[in-house]
Amino acid sequence: MAENQATDPTMWSSVLHAGISNSFLRLPHVPADANKLREYGAKAAIYGIPWDATNISRTGANYGPRGIRDVSCQFLTYNATFDFDLAEALNPVDTGDCNVVLANAEKTFARAQADIGQIIESGALPVTLGGDHSITIPAARAIADHYDDPGLILVDMHLDTAPDVGGEVLNHCCPIPRAVEAGFDPEKIALVGISGWMNPRTELEYCRERGITVIWLEDIWERGTAWAVERALEVAGAGDGVYLSFDVDSLDAAYAPGTCCPSPGGLTSREAIEIVRGVSSQGLLGVDVVEVAPSLEATPSTALIGGRVALEAMAFHAGAAKNERSRSGRALA
């Protein structure tokens, strides 16, 4: 290559796994500090919470942030379909992981809530990698601290509306009640992709009593993902904006076996991407991707879909859908 030839920053120059490891997309590291994030000009910030101490099933989601980061080298910041570069649109950074307090959910979540609050104060989109689904609790609390009327869309196989589990309120079955207690209006919460065989009566009653909208998996089979997106945004998008929580166990176990509660008959990967794109295209207050457990499978397939969901959410939040050059053929003319 001639020395004066321009370099394409989206083009490979070596093997994908070369270079400094454990940064999402090899993004620069900037601490979860509002002033430093503003100085850098970051409009999105990756934040990991390697925590799964509240899990009622198979453990391993504490490796989720590391696993997603490790396989993220398979992705570019550039999407050729939309001729869209995430780095140009959001200047994203990786803020590292929460400083977990071993075996102490209350102290760990307080630290995470403070860190995510710094990201929000900076004006960046918080993109949180779990961890089990309890990590949505500090994320939702941080959102509620900064917005008066946030909405919430949960994509999951489970309702996650348990008031408590054996008296423990900071459990991964409990993120929705804790979000409601933090200030989310239950009538602006939509639960998407829920399956009947994996949810107790108590959790359904919680939804009915508080007006939480449930979009069942069978509804999506019958009416499609576009309808599910429209309905979810109708419910959750009426206030200050939407917080999106995506549990990889919403996917069929064939697509996401590396999770604590693999779900037979769940969403396909394509359906999940369609839902995430549709919900995120209206703009997000924040997003989390939870329950990736790399140690529970022999391949990185679940970590890869977790990373893909984070990418799709950021990209469509930033307006990727508005660029149709490649899809229309003009970019190839």
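Predicted model: local features only at pLDDT ≥ 70, side-chain atom pairs only at ≥ 80, totals over all residues.
Me: Is α11 enclosed or open, and what follows it?

Reply: Of the 17 residues of α11, 13 are buried, so the helix is largely enclosed by the rest of the structure. After α11 comes G319, with a positive phi near 100°.

Me: Which residues touch the most other members of the largest nonpolar core?

Reply: That core has 53 residues, and F24, I153, V279 and M314 touch the most other members. Helix α11 (residues 301-317) gives the most to this core, with nine residues. There is also a second, separate core of 42 residues, which includes L37, W51, A112 and I189.

Me: What does I153 touch?

Reply: Leaving out residues up to four places away in sequence, I153 touches several residues, among them A232, L233, A236 and V279.

Me: How do I read the packing of α9 with α10?

Reply: Start with the general idea: an α-helix has 3.6 residues a turn, so residues three or four places apart point the same way. Here T225, V229 and L233 in α9 meet E271, E274, I275, G278 and V279 in α10. By class, this contact has four nonpolar, two polar and two charged residues. As for geometry, α9 (residues 225-236) and α10 (residues 269-280) pack at an angle of about 35°, with their axes 9 Å apart, and α9 passes α10 in a right-handed crossing.

Terms used:
Residues numbered from 1 in each chain as written. Heavy atoms only, no water. Axes fitted to C-alpha atoms, helices over the stretch in contact; angles between N-to-C directions. Helix = DSSP H or I, 4+ residues; strand = E, 2+ residues; numbered from the N terminus. Left-handed = near helix turned anticlockwise from the far one by under 90°. Contact = heavy atoms within 4.5 Å. Nonpolar A, V, L, I, M, F, W, Y, C, P; charged D, E, K, R; others polar. Core = buried A, V, L, I, M, F, W, Y, C linked by side-chain atoms within 4.5 Å. Buried < 20%, exposed > 50% of the residue type's maximum accessible area, 1.4 Å probe, protein only.
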